[in-house]
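User: Please take me through the terms used for this structure, and show for each one how the value leads to the word.

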Amino acid sequence: MKQVVQNYKSGELTLLDVPAPACKPGGVLVRTVYSLISTGTELMKVSEAGMSLLGKAKARPDQVAKVMQSVATNGVSATYRKVTSKLDSYTPLGYSLCGVVEEVGAGVNDVAVGDLVACAGNEHALHSELNWVPKNLYSRVPENVEPRHAAFGTVGSIALQGVRRGEPRLGDVALVIGLGLIGQLVVQLLVASGVRVVGVDPAAARCRLAERLGALVCADPGSGLVDTAVGELTGSHGVDQVYLAAGGGSNEPVELAAKLARDRATVVDIGKCSLNLPWNAYYEKELDVRFSRSYGPGRYDPEYELEGRDYPIGYVRWTERRNLECFIDLLARGRLDVEPLVSHVADFGDAVETYRQLSEGELKAVAVLFRYPGAAPAPSETVTSATVPRPAPARVAPKNRIRVGFVGAGNYASSMLLPHLAEREDVELHRVVTTSALSGANAQRKFGFAEASTDTAALLTDGAVDAVFVVTRHSSHAELTRQALLAGKAVFVEKPLALSETELEKVLAAVEESGNDRLQVGFNRRFAPLLNQARNRFGTRVGPASVRYLVNAGRLEHGSWYNQQDTEGSRFAGEGGHFIDTVSWLLGADPVSVYACATPGQADLQILLRYDDGSTASIGYTTSGASTFPKETIDVTADGKVLRFDDFQRASLYGRKRSVSPKLPQGRDKGQAAELGAFVEAVRSGGPMPVPLSSLVSTTLATLAVHTSLATGAPVRIESR
């Protein structure tokens, strides 16, 4: 069989042919399906193996101390032979996997041949086709947990033990320093415990990922954003716990922990970072420093790990195995989602090349999985995904006034967009392009465009134009957006951004090619003043929320181009993004799965969205309701409160007391003016766009996933990386 090994003396890493292990009593023989590379611990070992002897000694002073003790006991010659022999041997890598039980040893009766199990241990859950695993280091995996997710069992247990050591309580505020693999899991576990989380990491991508997984604010420690967030969340008292999940030799994590912790807070060391504690800071706050020992009680105890002697639950509630079982259970119940952490899946035969790419920085990853022969190539549920490019921030000189071009000037553009833009002193309506010369002339006359034409190419190549509005029929949105991005323009495209994943990928490819991510989709409801006021009155959530959004869409007029599904997509594909974006904005997250069902003929839809923190949202999209009933009503339920929002006219908050906003005298304001203002300001100042590109992509994927779910009858997982 094949196994990943490394020579610690030479640094050579290879996929070696080794004999298969025997199935001994007290354990099971497991054929690996997926194993997880710990991009922290394992890469540290790989890096150390490539060092000189002096470098190895500096990296492992604990081992140097053992060598010196051996010299004192056995002499220089014997110690030298012992050390060189050990260095010049192959050592295994890996400690977290999921596989299928192939043989059951004597004394084991809790699993059977064919069962799927998650396995732990740096001697028993190796990157190897077969492993013998003792009974206290595996846990049976339920059918609804994907094998690739169960392969996270060991690192999940490490994170879980770290959180247990912090003893978080509902409503606490915690700081997680280091947002690598362990840190990302700690964030999710804390959020699932009702804790408000702030994260610190120098890598912007990791910060964005942690925020997607439930953290409120994540940023580089030097940005000042973390200090501000902690002050606002805690009334300037400081966080209740700090979780050190960082590595390396810098002492900055423990110094930052002291700075942002409250009086008598808890500091938990999970990673392997410098711990030169600043005495005054820790003494004056009387900080409680705790260590988290790997997977939990039982670790490093051979009687527990090898001989299967469990600790009585009445004395030790959470052991290694019980932590592993708990983590798998959290996956099964949807309280944790490790799929966003998977940066890369490599075939086991490509293991050596994968380690090389990781070591040399070619592969940037939070978590990497090895897929073994016979493993399913993909999860059983449908997955819709897109990789969101991360262009460097554009350097745009601020302008007093921007020049705008319009492609399309139909009813919506003429009634909901152009009147607001025409009133702005910081906007010059430069050119409008329409398919009909007359409609262009009308727009020029009504709104004061300098030019009108039917030549889209001329508009896109016009160097005087700063921003292009795409307000055409749905089928042309993606291609016009792609062309405008490649031309270097900021783009405002009315929903939908795309009618298929292929169209979306082309738009994202244009972002990648041009480095231009200056894109906004016309999801205006999140900018509605009354909805913003209601959201602010509801306040910051602690626990998951339940959202009900009823859209009384009504029937289309006969002859409407919205009925041209073959070319323009379905009605929901055209406008459904509005409602998904609104819910996601209310919850402060992007959906991770979509399930949809329909009445016969697919006129009325019921859509269920699931979010990382356990929140759910149902969107009822109906065309068969009464025209006298409000078009859009929203209920948000969480933390003992209910927010009721009635069609952009009135909002009510039910809690200890009921408060009702006055009914707006001027009618419904669905946010178009505020949305346009935010877009114009971003283009004018060169600042960030009003909605992150990743959120626009997630909403588009979720909208498209509705029809995939209708076709398959199954949930669709959303992956936007």
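Analyst: Two strands are said to pair if DSSP finds at least two bridges between them. The model is a predicted one, and its chain holds 24 helices and 32 strands.

User: What makes S28 and strand S29 a pair, and in which sense do they run?

Analyst: S28 and S29 (residues 641-646) are joined over 6 bridges in the antiparallel sense, and since the criterion asks for at least two bridges, the term applies. Ile 634 has Phe 645 of S29 as its bridge partner. The hairpin of S28 and S29 has 2 residues between the strands, and Asp 639 takes a positive phi near 55 degrees there.

User: Why is strand S28 called largely enclosed by the rest of the structure?

Analyst: A residue counts as buried when its relative accessible area is under 20%. In S28 (residues 632-638), 6 of the 7 residues are buried, and the strand is therefore largely enclosed by the rest of the structure. Over the chain, buried residues make up 53% of the 721 residues.

User: How do you know that Ser 128 is buried?

Analyst: Its relative accessibility is 1%, so Ser 128 counts as buried, the cut-off being under 20%. Ser 128 is found in the loop between strand S6 (116-120) and strand S7 (130-134), and, with neighbours within four places in sequence left aside, it is in contact with Met 1, Lys 2, Gln 3, Thr 32, Phe 348 and Tyr 372.

User: What makes Val 195 buried, and in which loop is it found?

Analyst: Val 195 has a relative accessible area of 4%, and it is therefore buried. The loop in question lies between helix H7 (181-192) and strand S10 (196-200). Residues up to four places away in sequence not being counted, Val 195 touches Pro 168, Arg 169, Asp 172, Val 173, Ala 174 and Leu 190. The C-alpha atoms of Val 195 and Gly 543 are separated by 8.3 Å, although these residues are 348 residues apart along the chain.

User: What makes the sheet of 6 strands an open one, and in what order do the strands come?

Analyst: The order is S20-S19-S18-S21-S22-S23, with parallel pairing. Strands S20 (451-453) and S23 (519-521) stand at the edges with a single partner strand each, so one side of each is left without a neighbour in the sheet. Neighbouring strands of this sheet are turned against each other by 20 degrees on average, direction ignored. Within the sheet, strand S18 (residues 402-407) runs parallel to strand S21 (residues 467-470) and is joined to S21 by 4 bridges, and Val 407 has Val 470 of S21 as its bridge partner. Helix H18 (residues 477-486) packs on the sheet and touches S18, S21, strand S22 (490-493) and S23, while its direction makes about 165 degrees with that of S22.

User: Why are H18 and H19 called roughly parallel?

Analyst: H18 and helix H19 (residues 501-514) pack at an angle of about 0 degrees, with their axes 9 Å apart. Angles under 35 degrees count as roughly parallel, and the two helices are therefore described in that way. On the H18 side, residues including Ala 478, Leu 485 and Leu 486 make the contact, and on the H19 side Val 507, Ala 510 and Val 511 are among them. By class, the contact has 6 nonpolar, 2 polar and 4 charged residues.

User: Which residues touch the most other members of the largest nonpolar core?

Analyst: A nonpolar core joins buried residues of the nonpolar kinds through side-chain atoms within 4.5 Å. In the largest one, of 72 residues, Ile 607 and Ile 619 touch the most other members, and helix H24 (residues 693-712) gives the most to this core, with 8 residues. Neighbours within four places in sequence aside, the contacts of Ile 607 include Phe 572, Val 594, Ile 619 and Val 706. A second, separate core has 56 residues, among them Val 197, Leu 209, Val 268 and Val 366.

How values were computed. Residues are numbered from 1 along each chain as its sequence is written. This is a predicted model: local features need pLDDT of at least 70, side-chain atom pairs count only at pLDDT 80 or more; totals for chains, interfaces and linings use all residues. Side-chain values use heavy atoms; hydrogens and water are left out. Buried means under 20% relative accessible area, exposed over 50%, partly exposed in between (1.4 Å probe, protein chains only). Axes are lines fitted to C-alpha atoms, for helices over the stretch in contact, and angles run from 0 to 180 degrees between N-to-C directions. Contact means heavy atoms within 4.5 Å. Angles under 35 degrees count as roughly parallel, over 145 as roughly antiparallel, 65 to 115 as roughly perpendicular and the rest as oblique. Ala, Val, Leu, Ile, Met, Phe, Trp, Tyr, Cys and Pro count as nonpolar, Asp, Glu, Lys and Arg as charged, and the others, Gly among them, as polar.
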